Amino acid sequence: MNNQFNFGFKIDNCTEEENLIELEQYIAFCNINNITTPIELGFECFGYKEKFLKKGQRSLILDSNIINTIKSNNFDNLVIHLAVSNKLLNIKDIDKDIWLDNWKKQIEVAETLKPKYFVIHGTSKERKQNPENIVFENMKKNWNILKSLTDIPFYIENTYEDLAFYNRFFDYLDDPDLNFVLDIGHIKIHSKEIHDDIIQIMLDFAKTRKIHFHIHDNNALQDQHEPISKNENKDTIDFIHRLVKNHSNSIFILENRFGFDAFSKDFNLFESL
């Protein structure tokens, strides 16, 4: 496969059987079209909850068909989205020792796949119950712990905040080693920033850190992860075009939850960029 595209596929369904089917469809799609694309693997796709973190359970993941298929195909641009149940912000949700043990065990499994980098969620709804300086202090402390566990880079994804929140956090953190994921679906729900402002903020972020993108649509009320091709909203497509033009070396993951056919439609929509 010799033609590299920046638009990639995310595998993140409820059952391993569903994910394996989609992975095989994705590999066939790339082979037929003689292309390579990035791929993002969500750790929830193993049913990666607390039960898998218990002693002896990691072997179930390491021996899974998904892991073996990924290893046998040697993906150059594999990104792993670590379990969203573990977040950088952890003020009171999870005991610190459990929080840290969860991260260590996830990273131990993930490193066997040799990913290009990790994606993590930054905050939870508990953020709004605490002063921002306490939130930033907690996230910075946890970040320094997390980065000590591996040499693989991390990208933090916007979740329940506008981009101004992350602008302030990066100023507070003062560490360019933590990169950023712009999820345009999350922004549509949780931010009032207009496209022009988002474009400029991303250009500013890119001066000091690398950027990764999650591309999906919703009704601005719920995080539905709909494909862009479902509505083909002109403003949204133009917005994505501008992001691709400005960040041509970044990975854009088409993160819909409506199956591989929806991915292929979105891919065809954007492959000419």
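Me: Before the details, what kind of model is this, and how many helices and strands does the protein chain have?
Reply: The model is predicted. Its protein chain has 11 helices and 10 strands. Of the 273 residues in the chain, buried residues make up 53%. Among contacts between residues at least 6 apart in sequence, 80% join residues at least 24 apart.

Me: Why does Phe 270 count as buried?
Reply: Buried means under 20% relative accessible area. Phe 270 has 1% relative accessibility, so Phe 270 counts as buried. Phe 7, at 4%, counts as buried for the corresponding reason.

Me: What makes the aromatic pair of Phe 7 and Phe 270 stacked?
Reply: Ring centres must lie within 6.5 Å for a pair, and planes under 30 degrees apart count as stacked. Here the centres are 5.1 Å apart and the angle between the planes is 5°, so by that rule the pair is stacked. Phe 7 belongs to strand β2 (residues 7–11) and Phe 270 to helix α11 (residues 260–270), so the pair ties together parts that are 263 residues apart in sequence.

Me: Why is the pair of Phe 165 and Tyr 166 edge-to-face?
Reply: The cut-off for edge-to-face is an angle over 60 degrees. The planes of Phe 165 and Tyr 166 stand at 80°, with the ring centres 5.1 Å apart, so this pair is edge-to-face. Both residues are buried. They also belong to one aromatic cluster, whose members include Phe 136, Phe 169, Phe 170, Tyr 172, Phe 180 and Phe 205. The structure holds 26 aromatic pairs.

Me: Which ring does the charged end of Lys 140 sit over, and how do you know that Arg 209 lies over the face of Phe 170?
Reply: The charged end of Lys 140 sits over the ring of Tyr 172, 5.4 Å from its centre. For Arg 209, the distance to the ring centre of Phe 170 is 3.8 Å. The distance limit is within 6 Å, and the direction must also be within 35 degrees of the ring normal. Arg 209 is listed as lying over the face of Phe 170.

Me: How do you know that β2 is largely enclosed by the rest of the structure?
Reply: Five of the five residues of β2 are buried, so the strand is largely enclosed by the rest of the structure. Both faces are covered: Phe 7, Phe 9 and Ile 11 are on one side, and Gly 8 and Lys 10 are on the other.

Me: Which strands does β2 run parallel to?
Reply: Three bridges join β2 to β4, and the two run parallel. Lys 10 has Glu 40 as its bridge partner in β4. Three bridges also join β2 to strand β10 (residues 251–254), again in parallel, and Phe 9 has Leu 254 as its bridge partner there. Strands pair if at least two bridges are found between them.

Me: What pairs with β4 over four bridges?
Reply: Strand β5 (residues 78–81) pairs with β4 in the parallel sense. The bridge partner of Gly 42 in β5 is His 81. Within β4 (residues 39–42), Ile 39 and Leu 41 point one way, Glu 40 and Gly 42 point the other way, and all are buried.

Me: Why do the buried residues of α3 line one face of the helix?
Reply: In α3 (residues 65–73), Ile 66, Ile 67, Thr 69 and Ile 70 are buried. Seen down the helix axis, the buried residues fall within an arc of 165°, so they line one face. Just after α3, Asn 74 takes a positive phi of about 50°.

Me: Why does Gln 224 count as partly exposed?
Reply: Partly exposed lies between the limits of under 20% for buried and over 50% for exposed. Gln 224 has 24% relative accessibility, so Gln 224 counts as partly exposed. Gln 224 is found in the loop between β9 (211–215) and α9 (228–231). Beyond residues up to four places away in sequence, Gln 224 touches Asp 217, Asn 218, Asn 219 and Phe 258.

Me: Which residues have the most contacts inside the largest nonpolar core?
Reply: They are Leu 82, Ile 156, Phe 169, Phe 180, Leu 182 and Met 202, in a core of 70 residues. A second, separate core of seven residues includes Val 79, Tyr 155, Val 181 and Ile 253.

How values were computed. Residues numbered from 1 in each chain as written. Predicted model: local features only at pLDDT ≥ 70, side-chain atom pairs only at ≥ 80, totals over all residues. Heavy atoms only, no water. Phe/Tyr/Trp six-rings, centres within 6.5 Å; stacked < 30°, edge-to-face > 60°. Buried < 20%, exposed > 50% of the residue type's maximum accessible area, 1.4 Å probe, protein only. Contact = heavy atoms within 4.5 Å. Arc of directions from axis to C-beta. Core = buried A, V, L, I, M, F, W, Y, C linked by side-chain atoms within 4.5 Å.
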